[in-house]
Each structure stands twice: as C-alpha cells, then as structure tokens.
Amino acid sequence: MMESPRATVCTTCPYCGVGCGVRATPDGAGGLAIEGDKTHPANFGRLCSKGSALGETVGLEDRLLAPRLYGKEASWQDAAGEVAQRFSQTIARHGPDSVAFYVSGQLLTEDYYVANKLMKGFIGSANIDTNSRLCMASSVAGHKRAFGTDTVPGTYEDLEEADLVVLVGSNLAWCHPVLYQRLVAAKAARPGMQVVVIDPRRTATCDAADMHLPVASGGDVALFNGLLRRIRDMGATDGAFVRAHVDGFDAAIAAASSETSEATGLPDDLLRRFYDLWLCTEKVVTVYSQGVNQSAQGTDKVNAILNCHLATGRIGRPGMGPFSVTGQPNAMGGREVGGLANMLACHLDIENAAHRIAVREFWQSPTMPEAAGLKAVDMFDAIERGQIKALWVMATNPAVSMPEADRVRAAIAGCEFVVVSDITAATDTARLAHVLLPATGWGEKEGTVTNSERRISRQRAALPAPGAARHDWQIICDVAAAMGWAKAFDYSSPAEIFREHATLSGIAAGLGKDFDISGLAAISDADYAALAPVQWPVSATRNGGRFFGDGKFFTPDGRGRMLPVRSAAPASTTDRRYPFRLNTGRVRDHWHTMTRTAKSPRLSQHMAEPYIEVHPDDASRLGLRPAGIADVESPSGRVLCRVIVTDRQRPGEVFVPMHWTAETAALGRADALVASVVDPVSGQPDSKGAVVGLSAYPAAWFGFAVSTSKPRPDAPYWALARAREGWRLELAGAEAPEDWEAYGRMVFGLGSEVEALVVTDSARGGARLAFVAEGQLVAALFVAAEPVAVSRSFMAGELGAAPLPAHLSGQPGQDRPDPGATVCACFDVGVNTILAAIETRQLASVEAIGAALQAGTNCGSCRPELAALLAGATRREAAE
Ligand SMILES: Nc1nc2c(c(=O)[nH]1)N[C@H]1C(S)=C(S)[C@@H](COP(=O)(O)OP(=O)(O)OC[C@H]3O[C@@H](n4cnc5c(=O)[nH]c(N)nc54)[C@H](O)[C@@H]3O)O[C@H]1N2
Ligand SMILES: Nc1nc2c(c(=O)[nH]1)N[C@H]1C(S)=C(S)[C@@H](COP(=O)(O)OP(=O)(O)OC[C@H]3O[C@@H](n4cnc5c(=O)[nH]c(N)nc54)[C@H](O)[C@@H]3O)O[C@H]1N2
Ligand code: SF4
Ligand SMILES: [Mo]
C-alpha cells in the first residue's frame, strides 16, 4: 500500500452522502490542495464549501498521534493487548453480551466489515450498533417493510429528469449542497420543472422552491395519507401495476381514510394545490431525509411516502421514485456490511436462520448470535445499568450526538472499560476513554465508501499516516488477533477485505438479496487501486441502474407492500414548563461535532456560535431580544444560546443546531435537550421532536474577543471558534467581573510583559481592551451591557497586525468598509460588501454578484443566501 504518495490522488469527500469526487494534491508541507474531480459522476467537478475547505482540516494540531492507556502514551502492542485482554476477560466472566461496539457511517466499508465480523462472528454478540441508528434506521426499516430489503431504487439523474421534485424534511441546500446544485441547474435549464419543500422551517432550500409547505412538526404521515386518498379519489392509481406487483393497497387506503389533514397544520387549499401538482405530474421524485427519519413515527413516515409511489407505479423509472438521501459518506456502506444490530453483512438478516448459517459458514466462525443486539439508545441504557461493561466507540461522538446526551455522557463515564478510536483526543467522548486509539483520518486512509445512489468510490491516501496512527481496519484486526482470532483477521490490505465482502454478497444474492457486488469479487490489487466509481449491483447479470421499474421486489413473493399507517399524536407539549417543540439539525459549513470543520477559519465564520431560531411572536412574548441569550431547558438538560428572531420558524417551534460540544461552547449541546424517545420499529430517536421551555438569560454583560492563542473562557455563556490567525470568542454572563484587564489576561493567558490598552465606559458598563506584544495585536476584548456591536470579521482579520485606533473601536476606519458577516466562505465575501454592490452596481442576479465579487462562483453553497439578499434588496426598493 502507498504510505507516502506525493502525486495528486483521486479520492472521495469524507462528509456528506452525495459522495463527491475530490482531487487532492500534497503541497509538500503536510497540507493538501483540493479541487473537484470532473470525472466523478456524483459531482462532475463541483464541491461545496465543506469539500473545498478540506485542505484546512488536515493539519496535525489536536491530532491523536499515539495510543493512550489510562492517560499515558503507550505502544500499540500494549494498547491493543489491553483492549483484547479486557474484552476477553469481560466476555469470559459475563458472556458476550456484556460488551459492545458503537461504530459509525464514517468508517470505510472495509473497516466497518471487519468490526461487524469480529463482533457478530467471533465475539458472538450482536451488540454492535452505529450512529446510522440516529440517521438512516427508519429508512432502512421502511424500505424493508415495503421492498423486502433495504434498497434505494433511484439515481441522482432522476432528480434532474423529474418534472416535480418534492423535498421532505431535507435541507438539501445546506446538507447535500452539490446534489442541490445539480437540481438547481436542471431547473434553470428546464424552468417548467417544479420543486416543493415540505419542512416546518423556511430553509435555504426553499429559495429554489415553487411551493413551501411549512408542515407542523410530525405532520408528514397525515400529509402523505392525504395524498394517497387524493390519488385514489381522483383515479390516479396505476391499477395494473398494483394488481401485478403490490400488496396492501386496500388496507393502506383504509388507514389513510381514517384520518384528516388536521395534523399537517396546513390550510386545505395549499395541500390541495400540492396534491394536484403531484397527481398531474408523472415524473415525480420524493427526496427525504432527517425530517422524516428522525421521528418517533419515522418508519411510518417513510412508508407513507413509499405508499404513494407504489400506488402510482412511479418507482424505478427515469425521473420517478422515492429517494432517501444518506447523510454520512458511508451510511450506505454501513448498511451493506450489516453495521446495524439487527442486520448481518450484505443485507442479510440476523433473525433468519438460513442467512445466519450462510454467513457463519462463509466466515468459518465459531459462533453467531441468533437475535438482534441492542440498538443505540438501548445500548447506552444497558451501559448506564452496568449490564454492558466494556465499550469500544469508533468514529463517532455519542456523548454529544445521542439524545439525552448528558445522561449518555455520564453512562460512558461510569462504564468499567471504554475504548475510543478517533483522530483526536479533544472530543467529549474521547475525554472519557480508558484507552485511546489513534486512527488515520481522511487523506491518510484507503478503502471504499458508497454514496446515496449506491455508487461505490475509493477513498485514497494522499498523505502518510501521522505519528503512530493506524488504519481502523488494522486496529480492529490487531485486537481480533490478540483475542485469538489471528487467522480470520489476517488481512494485509483493504483490497483483500473488499474481495471477501464482494464474495459474500454473491452468496447473499443467492438468498434473494439486492446487494450484489459479486462482479468485483476477484478484483486484483491493481484494479482495486484504480477502481473507478461504480454503482451496485455489479454482477454477471446486472450493472448499476434502477430497481423496481420491473415490479420485482425482494419480499418472499416478489411483491411490493403498501403499509397501513396512521398519524400518532406528537410528544406532548402540554407540560406548561416545556411549551415549545424543539427542532434540531445542521448548518451549512459545519459537520456534526465539528472535530474537523472547526479547524477551518473559513468554515467557522458562517455560524460562529450555538443559536436558537425563534418566531417573532414567541420572542416578543418571552422578552427574547435579537442577539440576546436564551436559556433553553427540557426535562433532560439545558442549553444557553444566541437568539435569532425569524419568521422562517413556525410559532411554537424553535430550532437549535446539533454541532456545538463541550469543546466549543459552555452549554451548547443540543442533544442535552432531546428526549430518548424512539421510533418503535426502527429504534431511531425522535431528534426533531423534543419539548423545551425557554426564557431570556439575564445577561448583565456581553463580550466578544479575538486572540492569537487559544483562550480559556470563563463565563456562563461562551463559544469558541477559529479565526485566521487565532481564535474568536463570544461571551456573556449575569455578573460582570470587576477588573476587565485582569479578566482578559486570565482568559488569554497573558503575562505582564504584554501591554494592555484599555478604554472603559463605566457609565454603560462597557470596556474595550487591546493587548499588544512586540508591536502586534495579540488579543482584544470588547464588553458591554448590550450585545457587543463589533465587526467580528474585521477584528478576526486583524490579529497579528500592528495596533491601530480601530482595534479599540472594533470597527474598521472610514477608509476600510466593514465587510460584515461572511456569506461566501470560498472568497470570504461579507454581507455588507454584497449589499453595497447590489445597490451601487445595480446587480440583479446571483450571476451578476458572482461576476462582480466572485461570491458564489466556486462551491456555490452560498447561492441561496445571495438570492435571499437580492430578494431583500428588491423588496426594500419596492417599498421605498
Ligand atoms: N453542512 C452539513 N451537511 C451535512 C451534515 C452536517 O453535519 N453538516 N451531516 C450529514 C448527515 S449525517 C445527515 S444525516 C444529513 C442530514 O440532512 P438533512 O436531513 O437535510 O438535515 P437536518 O438539518 O438534520 O434536517 C432536515 C430538515 O428537517 C426538518 N424537519 C424537522 N422536523 C420535521 C418534520 O416533522 N417534518 C418535516 N417534513 N421536516 C422536518 C428540519 O427543519 C430541517 O430543515 O446531512 C448530511 N450533510
Ligand atoms: N439533536 C440531534 N442529534 C443528532 C442529529 C440531529 O439531527 N439532531 N443527527 C444525528 C445524525 S443523522 C448523525 S449521523 C449523528 C452524527 O454524530 P457523530 O457521529 O457523533 O458526529 P461526528 O462529529 O461526525 O463524529 C465522528 C467522530 O469520528 C472521528 N473521526 C473522523 N474520521 C475518523 C476516522 O477515520 N477514524 C476514526 N476512528 N475516527 C474518525 C471524528 O473526529 C469524530 O470524533 O448525530 C446524530 N445526532
Ligand atoms: S456535497 Fe459537499 S460535503 Fe457533500 S460530498 Fe460533496 S463536497 Fe463533500
Ligand atoms: Mo446522519
């Protein structure tokens, strides 16, 4: 295997499930130059803001470079030996179900396959579950109920070929930006194409929509049941397809007919317009994501959508079908290898005896569990009870991302033996580990991932493994060998693991499964090294393409299934202490718990602190002011975050992003608020349906700071983010410190050799401080009784500069206009710059802004925001 390659490599982006091809070229100084791969069929050269900034995230700062055993650096032999011994001992004393693996859709397929093989085939427990439980489990369960197996029928081209694309619970513009751009480009080329967004919030995705249905949280089953009724009433059923290929039509209709549209929270005329558009447009693709999956009714939501496509036969044909977009880069690969506690490799089922026997014989394994293992939420409950005594977490951060995150964090802290494989020790979960295992990260590792359209692409190494870091598959195999199973885990390369998996998929296909890559079972090392992106199935008889257009499903009788589904009442908001429904999700430029994106100053500018979006009516009723701090409480936890007042939110509902952790904010962990309520079929948590109460936090002071060294914030509210030459920090508290200079020196870690320039405004409780060392600005602190009005982008750019009067005012001088908050991360163009150009240069389109300022011309992720700025400017002009 290549360990220190220097030439450009073609690899795949490690973020979202679009699975874009990336060309990475080492710069010789440990970094990478990044560009989109024009030959990759997912992106044809495009990258979003996160993909474009990958080069800023591969530095070794904060990287875990050697194993750590009980806090001390150790050799691999000692670390792997300790893991093996403690797991073996626990199994010997308490049985195989006393241990667990919690893994991730960010592992490569080869890593994932061996982890699953070790737990299910050799340890003999099914207690391996993955963060895909929080992500794709409801789609998996819905697919299995309707199709007999977990198949995504369509391809990305379907979104371009459709005449109607319906996005349900998907903020595609921010979460699958390149696929969104493909959609926007297709619509521009064919303006008749219609886009409908079904989301309680008016998201950036709505900027491309012809219709937005601000459905009440949880109202999707009622909405799609209404559509199914309308399909039947208007005679839009494809009777021939249903008769020949689908069961359950009458029961599904009966269930749909037993409810009304009330739960949708939408006016009937809006629903009717959407239904009629759906009915009169044959080529319709319904894309859905976490607004559907992450629900106590997630599986029923999925089947409510699938029902409509099955009833009309609009599935598996060009431009038609349901399309569950995957979140993580290898969410799909994880499903293929059976990463979920109720699955076996290659879409086989653990509870099916024939499947178990086939896998066990193939692995020549000593044992095989007969029942499903514990799903994520149950797994952490069992850890809390002490029933699971040894836990190995790989490539995920459950202390942040699990519901009831405070309780989960305490459960991990109380577990007898915790192993964490990660690229950094600076995570909420890694801080709790007894053994820390340094994994190679993106850009250093080799293997495959499968994207949302079933396309398998290679990740390739462009950089050497840093320090003592090892590949995840190697780490797992080392531990397996030390547990006594050297022969079964004696792989010398990911190619060897891939071949084994591909061979097993041929056996699975013989058992009637869809996932078949047996055509790659004999792939040579050289061909694996050169493997071009390939869509499964790949077998003697099939080569990519769509499923189910022929009406053949993977149920025992080959027929698809419509399911009778009914709306359930959402979690109660009748407790007067928690009157709001909490919606959670993602921002454009951050990835989950930010262990990588927070390293990039560019990506940290778009949203630099945890926030809550509140409808103006609710805000005024509660006395929440824009840019004030909200105190948000639920039965399970508490969060402090910045208030954004916006009518993009429905009254009675609030939104908090999931990204902030104990590393990046004082109290910003959204999942501390989320209850451990799960979908009864899939076990997926209701991450979008918690209940909370909120009030204005009584801040007596607000602060903003920049610093060249990493600050040690000390305040009830703080949030830390990267700036180009250092850090930026937001602060607030209920009681102001007495001496701001002393406070600043403590937070920035500055001694008396550093000079402080201080301006105090004691009448208004404010102060402005600049700290200067050797003629350079090393830190600045602005405090006030009101949210601090300082140009963040200006100050963040001034670190290291010679001190100026402007550094004490926090605003650029007359000669330097304030660019304002960053909109375009690629070219660092701020909102003020854009608004000024729109006005003075009479720019009338996103393209014109691009031509004038470059904004939006690289990754395009900010194009929806540019469009919104243009619309706002036009509205203002019209009003004047
Ligand atoms: N920038 C960025 N991109 C990412 C990620 C990231 O961390 N950052 N993560 C990746 C991963 S792992 C995933 S799973 C995907 C997730 O991608 P998405 O699912 O698109 O993202 P979310 O923001 O979690 O949620 C989508 C929308 O669901 C809406 N919603 C909430 N409740 C309901 C409801 O009851 N009904 C409906 N119809 N909608 C509802 C929310 O308002 C939200 O706008 O993103 C992937 N891409
Ligand atoms: N409230 C709320 N909660 C949610 C969600 C939500 O929408 N709302 N979304 C849920 C969803 S869909 C998801 S997918 C999860 C995501 O949640 P997590 O999986 O917990 O989040 P990540 O930050 O992606 O964690 C990945 C970890 O793997 C590490 N890592 C990166 N590369 C490698 C590698 O190559 N090897 C190893 N061993 N480690 C590596 C990273 O440093 C990081 O610590 O969050 C879920 N939680
Ligand atoms: S859309 Fe962006 S985050 Fe997703 S794979 Fe492509 S470049 Fe990466
Ligand atoms: Mo996800």
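Ala, Val, Leu, Ile, Met, Phe, Trp, Tyr, Cys and Pro are counted here as nonpolar, Asp, Glu, Lys and Arg as charged, and the others, Gly among them, as polar. On this basis, the shell around ligand 2 in the predicted model consists of eight nonpolar, 18 polar and seven charged residues. In total, 33 residues surround the ligand, and Q106, S401, D422, T593 and D671 are the closest of them. Two domains each supply at least three residues to this shell: domain 2, which spans 68-135 + 330-490, and domain 4, which spans 580-696.

Several side chains place polar atoms beside oxygen atoms of ligand 2. For Q106, a polar side-chain atom is found 2.7 Å from an oxygen atom of the ligand. In the side chain of T595, an N or O atom lies 2.8 Å from a ligand oxygen atom. The corresponding distance for the side chain of W591 is 3.4 Å, again between an N or O atom and an oxygen atom of ligand 2. Taken on its own, ligand 2 has 910 Å² of accessible area, of which the protein covers 99%.

Strands β17, β18 and β19 form an open sheet, in the order β17-β18-β19, with antiparallel pairing. In general, the strands of a sheet pair through backbone hydrogen bonds, in either a parallel or an antiparallel manner. Between β17 and β18 (residues 455-459), which run antiparallel, there are four bridges. Within this pair, G447 is positioned opposite Q459 of β18.

Two helical residues were also examined. M379 belongs to helix α16, which covers residues 376-385. Its relative accessible area is 0%; because residues under 20% are classed as buried, M379 is buried. M379 and N127 are 252 residues apart along the chain, yet their C-alpha atoms are separated by 7.6 Å.

The second residue, T299, is part of helix α13, formed by residues 298-311. T299 is likewise buried, with a relative accessibility of 0%. The side chain of T299 makes a polar contact of 2.9 Å with the side chain of D679.

Conventions: Residues numbered from 1 in each chain as written. Chains lettered and ligands numbered in written order. Predicted model: local features only at pLDDT ≥ 70, side-chain atom pairs only at ≥ 80, totals over all residues. Heavy atoms only, no water. Near = heavy atom within 4 Å. Polar contact = N/O pair within 3.5 Å; in protein donor to acceptor, adjacent residues only side chain to side chain. Areas by Shrake-Rupley, 256 points an atom, 1.4 Å probe, with all protein chains shown as cover. Domains from an automatic or database assignment. Pairing = 2+ DSSP bridges. Buried < 20%, exposed > 50% of the residue type's maximum accessible area, 1.4 Å probe, protein only.
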